[in-house]
Amino acid sequence: MVARAYTVAFQGIEARMVEVQCAVTAGLPAFAIVGLPDKAVSEARDRVRTALTAMAIALPSRRITVNLSPADLPKEGSHFDLPVALALLAALEILPEDVVRGTVALGELSLDGSLVPVAGALPAALAAAAEGRGLLCPAGSGAEAAWVGDAQVIAAESLGAVVRHYTGQAPLAPAEPGEVLSPPGQRDLRDVKGQERAKRALEIAAAGRHHLLMVGTPGSGKSMLAARLPGLLPPLSPVEALETSMIHSLAGLLDEGGISRQRPFREPHHTASMAAIIGGGRQAKPGEVSLAHNGVLFMDEFPEFPRTVLETLRQPIESGEVMVARANAHVKYPCRFMLVAAANPCKCGYLSDAARACARVPQCGEDYMGRISGPLLDRFDLRVEVPPVAYRDLDLPGAAEGSAEVAARVAAARALQEARFADHPGLRTNAEAEGDLLKEIAPLAPEAQALLTRMAEGFRLSARGYHRVIRVARTIADLEGAARLEKAHLAEAVSFRLANQAAA
């Protein structure tokens, strides 16, 4: 008899169904796994054999063959341990074969039979629900998988608990969805002294998901401002939380017993490789741009990143997705993120301070900011200079407005956009509107249109820059609750666009 169990193989965020077939036949004693397994899958036979021995289950002196179908799909990861063990137990008639056949399983086995949490439980639960099956996973992965309400999720501590569950000796209750709550005491915008223009730029960026570039001397507060951005953003909606958590599940980042509604904030070091930022490696894993999906990607010391890494950001910024192409796989990941970049104005950092600047001013500033190409710089909706804060200003009382007040305005603007794009699937913020839709949602007052035309001609804005100014103005109007774009909205949007124009 050939017993069958089911599991998944991951290709990007897609979980493809894999049938695990097990046959116990006459012949020399052996345990073989076939079907294009990698090293971790091939080692499953030793973990399964030892775990069964720990449960006092002896394997027969016969030939055991496990086939992973389809055989041409690469099988990677230790999560194949549990489905291989289930198929073997069904072939030995220890577990009912029909019950095993109706379950998608994944989990790594310890030598004592306990189950170790694995990455990818959430996409696996979605695949199981699509097939009309339940999901069996380790207890540590149950809280995230249970968010898929269409599939019954059973989370077990050990293989022995699985056997007792399926034989009716000690049934397990379905897993409950878990949520990781944000720690109290987030950093507050009130801690930042001065920098009112930069704070305004943060508010606009948070309200419309606009990309932001901050340029200023060392110690002026660029990183401090960026660290306060998560406190301004609204929590993830249920759909966004599911999208983001699927990527984090594949990357093994959901290790706190559930999913989080807080928007991701990723801040890679400037020495990070292209594979770390965009995605890739031997298994085409998601990179920082995908891990920041529906959140913020903060790149400090922006010109210090390798030029090749910076240029690869251009296509993901525009399309909201990235294709990781390898010889054996073409994997697509979503990456709709808000890019916040910080940079010094020159190599020494003191271009605007005559007393501290180096002897190469102003050429050093042009050379340093020249590391950011024109096409990439053109993709920033907001550019703001962050001047140094005077010592006497550090002792002044905090600002009247903190993160809570600004976050309330951001939430109201996001609610307007949610209603605006309710009939446009895939669109959520003003930064994503284009073409005729942008004209429809951003009607310009005559004086605003005249101002924009003069600015576009005078400063030779690109077509992309022209439309980005309109999107920013739409967000500024949303923050004020205005239906039409007035001259003041356009003027403020253009002022942020033209900052650092000389460096561009």
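## Basis of the model

The model is predicted, with local features requiring pLDDT of at least 70 and side-chain atom pairs counted only at pLDDT 80 or more, while totals for chains, interfaces and linings use all residues. Residues are numbered from 1 along each chain as its sequence is written, and side-chain values use heavy atoms, with hydrogens and water left out.

## Chain overall

The chain has 21 helices and 20 strands; these are DSSP runs numbered from the N terminus, helices being H or I of at least four residues and strands E of at least two. Its C-alpha trace spans about 85 × 50 × 45 Å along the principal axes.

Of the 504 residues, 51% are buried (under 20% relative accessible area, with exposed over 50% and partly exposed in between; 1.4 Å probe, protein chains only). Among contacts (heavy atoms within 4.5 Å) with a separation of 6 or more, 73% are between residues 24 or more positions apart.

## Helices H17 and H20

Helix H17 (residues 403-420) and helix H20 (residues 463-480) have axes that come within 8 Å and cross at roughly 115°. This makes H17 roughly perpendicular to H20 (65 to 115 degrees; under 35 is roughly parallel, over 145 roughly antiparallel and the rest oblique). Axes are lines fitted to C-alpha atoms, for helices over the stretch in contact, and angles run from 0 to 180 degrees between N-to-C directions.

H17 contributes Arg 409, Val 410, Ala 413, Leu 416, Gln 417 and Arg 420 to the contact, and H20 contributes Arg 474, Asp 478 and Leu 479.

## Helices H2 and H3

The axes of helix H2 (residues 44-54) and helix H3 (residues 81-91) come within 10 Å and cross at roughly 55°. H2 and H3 are therefore oblique to each other.

On the H2 side the contact involves Ala 44, Arg 47, Val 48 and Leu 52; on the H3 side it involves Asp 81, Val 84, Ala 85, Leu 88 and Leu 89.

## Glu 240

Glu 240 is part of helix H10 (residues 238-250). Because its relative accessibility is 9%, Glu 240 counts as buried. Leaving aside neighbours within four places in sequence, Glu 240 is in contact with Arg 263, Asn 294 and Arg 428.

Between Glu 240 and Thr 7 there are 26 Å in space, C-alpha to C-alpha, and the two are 233 residues apart in sequence.
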